[in-house]
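Subject: Structure handover, salt bridges

Hi,

Here is the structure for your files. My notes on its charged side chains follow below.

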Amino acid sequence: ADSVEKFADSAWNESKKKGFLKGLQSSSNILGAYYNRTGDYSKALEQFNISLNYAKELKDDKEIARQLFSMANSYTYRSDQPNALKYHLQALAIREKINDTLGIATSYNSIGYVYRAKNDLQRTLSYYTKAKKLFEKFDSQSNLASAYANSGGVCLRRIKLDSAVIF
């Protein structure tokens, strides 16, 4: 794991020397992901924000949405649901603007998770249902399975055992 940090730092330094913005953006993203995995969410957010700024400079909407999504996940891991929701909704808006259907489905699933953590089960189920519909179009089996399992879990929490079995 430490080699990931060293590699990303090295890539960032080389990209900086050469003025290679995409390399700076990508290596900052890798560092953010590394820090998320090690539980250092403050550093992760810092790196994702750096990556976000490079993505904005590059005018890369798909990458901007990806960084906002990653930041939202960092906030989710910190149990900071208001910020998680804020960044997920920003990522979703961009994904809708650029018609990134798989990204939209992923955002729906994650927004559902945030609402679940807030115990807003009606909104949770609504977002999971939207995610399922889009994942079905892509035949994305692992994502679809996750969305179905999430929906079933919500139904169980709502004590609707018959509905949970259907999912």
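Arg66 is partly exposed, at 39% relative accessibility. On that scale, buried means under 20% relative accessible area, exposed means over 50%, and partly exposed lies in between (1.4 Å probe, protein chains only).

Some ground rules. This is a predicted model, so local features need pLDDT of at least 70 and side-chain atom pairs count only at pLDDT 80 or more, while totals for chains, interfaces and linings use all residues. Residues are numbered from 1 along each chain as its sequence is written, and side-chain values use heavy atoms, with hydrogens and water left out.

Arg66 pairs with Glu63 in a salt bridge, N to O 3.0 Å. The term means a side-chain nitrogen of Lys or Arg within 4 Å of a carboxyl oxygen of Asp or Glu. Both residues sit in helix α4, three residues apart, about one turn of the helix. Helices here are DSSP runs (H or I, at least four residues), numbered from the N terminus. Glu63 is buried, at 9%.

The salt-bridge count is six. One of them joins Asp61 and Lys97, with the closest N and O atoms 3.2 Å apart. Asp61 is in helix α4 (residues 61-77) and Lys97 in helix α5 (residues 81-97), so this pair ties together parts 36 residues apart in sequence. Asp61 is partly exposed at 25%; Lys97 is exposed at 60%.

Arg123 and Asp120 also form a salt bridge, 3.8 Å from N to O. Both are partly exposed: Arg123 at 45%, Asp120 at 24%. Through shared partners, salt bridges link Lys22, Asp60, Glu63 and Arg66 into one network.

Best wishes

Key
Helix = DSSP H or I, 4+ residues; strand = E, 2+ residues; numbered from the N terminus.
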